[in-house]
Each structure stands twice: as C-alpha cells, then as structure tokens.
Amino acid sequence: MAKLRCQRAGAVAAVGGVVWIGWALALSATARTATSQPVLVGTVVSALGVVAGHYAVEDFYGARMKRPGTVGAWAGGLGGLVFAAGQLVRLLSGGGEAIVGIGVLVLVSGSLLVAAGLVRTRIQPPWLGVLLGFGTIAFLGFEVQPATATVYGLAWAALGQDLYRFDPPDGRFGDAEADYGWLG
C-alpha cells in the first residue's frame with residue numbers, strides 16, 4: 001500500500017472514530033433517540049470511516065496480520081458497509097432494523113478478529129488492539145447506555161492516527177515473514 005493511500009485511509013478512520021464518539025456522546029447527553037436524523041447521519045459517516053480503517057488495516061498489514069486479522073478486516077469492512085446501509089435505510093424510510101442487526105454482528109466479529117490480530121502480531125502497539133477489542137465489546141452495551149459506544153470510536157481514532165503516521169522511525173512495520181518490529 002502506498003504511503004499516501006495508507007495515510008488517507010488512516011485519516012478517514014481517525015475522523016470516523018471522532019464522529020463515532022460525537023454521535024455516541026450526543027445521544028447519551030441529549031434527549032435525541034437513535035433514530036433522530038443527526039444521529040443517523042453521524043452513524044452512517046462514522047461507519048464508513050470505520051470501513052476505511054478496516055480497509056487500511058487489511059491493505060497495509062494483510063500479509064503481516066495472518067488469518068485472524070486479515071479475515072477480521074474483510075469481515076469488519078463488510079459489516080461496516082452493511083451497518084451503514086442499514087442506518088441509511090433507517091434514515092430514509094424508518095425501517096432497516098434487520099440490516100442494522102446483521103451489520104452490527106459482522107462488524108463486531110470483524111473488529112474482534114482485527115483486535116486479536118493486532119495484539120498477536122505486534123505490528124501496532126498492543127494497547128491499540130486491546131482498546132479495539134474492549135471498545136468492540138463495550139459497543140454491544142449501546143442499547144443499555146449509548147456512551148459505551150465511545151470506546152469503539154476512541155479505538156478507531158487512535159488506530160487511524162497511528163495508520164496516518166505510517167512511517168515511524170522505529171521501523172516497526174517490518175517484512176511479512178518475521179520482523180514485526182514493534183517489540184524488536
């Protein structure tokens with residue numbers, strides 16, 4: 001993946017994470033509902049940002065992440081697209097709950113696999129994988145308390161920022177075979 005393309009995808013993922021935090025906090029701090037128009041627009045935009053993050057992780061780290069992370073990135077990207085499409089259907093027609101549910105399940109599954117891949121391969125600081133895993137599980141508590149979704153957005157903002165930097169001086173990206181560099 002070219003440096004500029006990775007930086008752009010990382011920036012989009014970081015912005016998506018920040019927008020995700022914004023709608024989750026707005027939803028928990030105001031009287032708005034999950035079906036109000038500004039929240040749905042924020043959800044669609046942030047989900048597409050998360051899709052860009054999954055794309056960046058797979059395209060840049062694919063060979064280094066091995067199976068769990070690569071499959072997770074593909075599943076998470078697909079789940080994010082289905083989730084965004086379901087939210088768009090909710091925005092336009094008021095339906096789409098089943099589409100949103102399927103999207104959430106696939107997005108959560110993919111994000112957990114990406115988190116495991118990040119921690120396992122150490123191509124990113126391990127705390128980013130732990131934060132993504134914790135944020136993904138916390139996102140499942142959204143119906144109980146919408147603020148729990150902020151941790152997922154924070155994880156993508158941090159991971160997107162790290163992807164945006166792309167060229168760290170410690171050379172942690174290494175080759176696809178054995179040099180995972182972050183610890184090494």
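## Serine 111 in helix H3

Let's start inside helix H3, which spans residues 97-121 and holds serine 111; helices here are DSSP runs of H or I with at least four residues, numbered from the N terminus. This is a predicted model, where local features need pLDDT of at least 70 and side-chain atom pairs count only at pLDDT 80 or more, while totals for chains, interfaces and linings use all residues. Residues are numbered from 1 along each chain as its sequence is written, and side-chain values use heavy atoms, leaving out hydrogens and water.

Serine 111 has 0% relative accessibility and therefore counts as buried (under 20% relative accessible area, with a 1.4 Å probe and protein chains only). Leaving aside residues up to four places away in sequence, serine 111 touches His54, Gly72, Leu132, Thr136, Tyr152 and Trp156; contact means heavy atoms within 4.5 Å.

## Helix H5

Helix H5 covers residues 150-165 and reaches 23 Å from its first C-alpha to its last, close to the 22 Å expected at 1.5 Å a residue (1.5 Å times one less than the number of residues). Because 12 of its 16 residues are buried, H5 is largely enclosed by the rest of the structure. Tyr152 and Trp156 are among those buried residues.

## H4 against H5

Helix H4 (residues 126-139) packs on H5 at an angle of about 150°, with the axes 7 Å apart; axes are lines fitted to C-alpha atoms over the stretch in contact, and angles run from 0 to 180 degrees between N-to-C directions. The two helices are therefore roughly antiparallel (over 145 degrees).

In H4, the residues meeting H5 include Leu132 and Thr136.

Key
Buried < 20%, exposed > 50% of the residue type's maximum accessible area, 1.4 Å probe, protein only. Parallel < 35°, antiparallel > 145°, perpendicular 65-115°, else oblique.
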